[in-house]
Amino acid sequence: MEELSAIPETALWTLYHRAGEARRPGTRYPDPKAVELVDRLDYPFAARFGSGQGLAGRMQGARCGLFDQEVADFLRRCPRGTVVSLGDGLETQYWRVDNGRARWLTVDLPEAVALRERLLPPEPRQRLLACSATDPAWPDEVDPELGVLIVAQGLLMYLRPGEVRELFARCAERFPGGTLLFDVVPRWFSTMTTKARADRRGYRVPPMPWGVRSHELLRDARTVPLIARHAWLFRVLALDLPDLRARIVGSVGLPEALRRG
Ligand SMILES: C[S@@+](CC[C@H](N)C(=O)[O-])C[C@H]1O[C@@H](n2cnc3c(N)ncnc32)[C@H](O)[C@@H]1O
C-alpha cells in the first residue's frame, strides 16, 4: 500500500476527488487518466477521504477546469512554450490539455516525485524535478525562450508567507513576460487549518500557513474585471510577471459548485 507523509498525501486527496467528479454522469470535467490511476492504486481512498463525489469532488473538478482553461490559452499563445508545474503531485493536466508540442516540467518534493515517476512515468516532452518549489535552483532548469507559464495549483497555501513572497520575487526576476497561475485560500480558512482536528476517518488536512484576505486580492486585481463572485474557498489568480498585479481568473466557491450541478 502507498505510504506518504502528510503534505505529499494531499496529492492523493486531489487526485481522488478529481477522479470522483470525473466519474459523475454528466460531469463537465472528464479525466480518464485520473480515474485509471485511482483504480490502479493500492490505497484506501474511501476509508481515508470519503466517497470522493460530494462537494469536494465538484470543487476539485471546477478548480481544475479553471486551471485547464488558462493553460490551454497559454498553449494557444505559446505552442512550444514550457508549463512548469510546481507542487504537481499526481496532476493529470498534461493528458487533458497538452497540444503535442509544449514542454512540461514537474517540480515537487522528492517523495511525491518518486511516486509520480512510478505511476505516471514522464513522456518525452515531460520532465520531473525532485526539489522544493522554494529551492532557488529550479528556475535554472527552465528555458524561457518560447514562453513560460508557471502553475502552482493547490501549493502556495502550504508554504509560509515569506516563502510565497520570495517565490513571487524569484519568478518575476527569472521569467519576465511569463505568468504565474495559482490559487489561494482565504485567511480565515488558513487559520482554521492550523487548529483543525482529524475527521472521523482520522484524516486531518495539513496546516495551510498562507491565506489571503479578499481586500488584498482586490488591491492586486484592481485593473481587471472581477469574475470571482462566490469566492467561498478558492480563487484562481494569474500574476503577469514581473509586474506584480494579479488577475483573478475565477473562483470555485461553494454556491458556484452547487450551481454548476
Ligand atoms: C494539494 S497537492 C496538489 C497536487 C496537484 N497540484 C493537484 O492539484 O492535484 C499539493 C502538492 O504540493 C506538493 N508540495 C508541498 N510543498 C511543496 C514544496 N515546498 N515544494 C514543492 N512541492 C510541494 C505536495 O507534495 C503535493 O504534491
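Colleague: Is C131 buried or exposed in this predicted model, and why?

Modeller: Residues under 20% relative accessible area count as buried. C131 is buried because its relative accessibility is 12%. C78 is likewise buried, because its value is 19%.

Colleague: How many disulfides does the structure hold?

Modeller: A disulfide is a covalent bond between the sulfur atoms of two cysteines. In this structure there are zero disulfides.

Colleague: Which residues of helix 7 are buried?

Modeller: They are V164, L167, F168, R170, C171 and A172. Helix 7 itself runs over residues 161-174 and has 14 residues. From its first C-alpha to its last it reaches 20 Å, close to the 20 Å expected at 1.5 Å a residue.

Colleague: How many cavities of 30 Å³ or more does a search of the whole structure find?

Modeller: The search finds two. The largest cavity has a volume of about 80 Å³. Its lining comprises 13 residues, and those nearest its centre are D88, W104, T106, R116 and Q126.

Colleague: Which strands and helix each supply at least two residues of that lining?

Modeller: They are strand 1 (82-86), helix 5 (93-97), strand 2 (103-108) and strand 3 (126-130).

Colleague: What is the mean pLDDT of the chain, and where does pLDDT stay under 50?

Modeller: pLDDT expresses the predictor's confidence in each residue. The chain has a mean of 84, and 84% of its residues reach 70 or more. Over residues 220-231 the pLDDT stays under 50, and the model has 27 contacts beyond four places in sequence for this stretch. Residues 255-261 are also below 50, with 15 contacts in the model beyond near neighbours in sequence.

Note on methods:
Residues numbered from 1 in each chain as written. Predicted model: local features only at pLDDT ≥ 70, side-chain atom pairs only at ≥ 80, totals over all residues. Heavy atoms only, no water. Helix = DSSP H or I, 4+ residues; strand = E, 2+ residues; numbered from the N terminus. Expected span 1.5 Å × (residues − 1). Buried < 20%, exposed > 50% of the residue type's maximum accessible area, 1.4 Å probe, protein only. Disulfide = S-S within 2.5 Å. pLDDT = per-residue confidence, 0-100. Contact = heavy atoms within 4.5 Å. 1 Å grid on protein atoms, 1.4 Å probe; cavity = no way out; pocket = protein on both sides within 12 Å on 5 of 7 lines; lining within 4 Å. Points joined across faces, edges and corners; volume = space filled by probe spheres on them.
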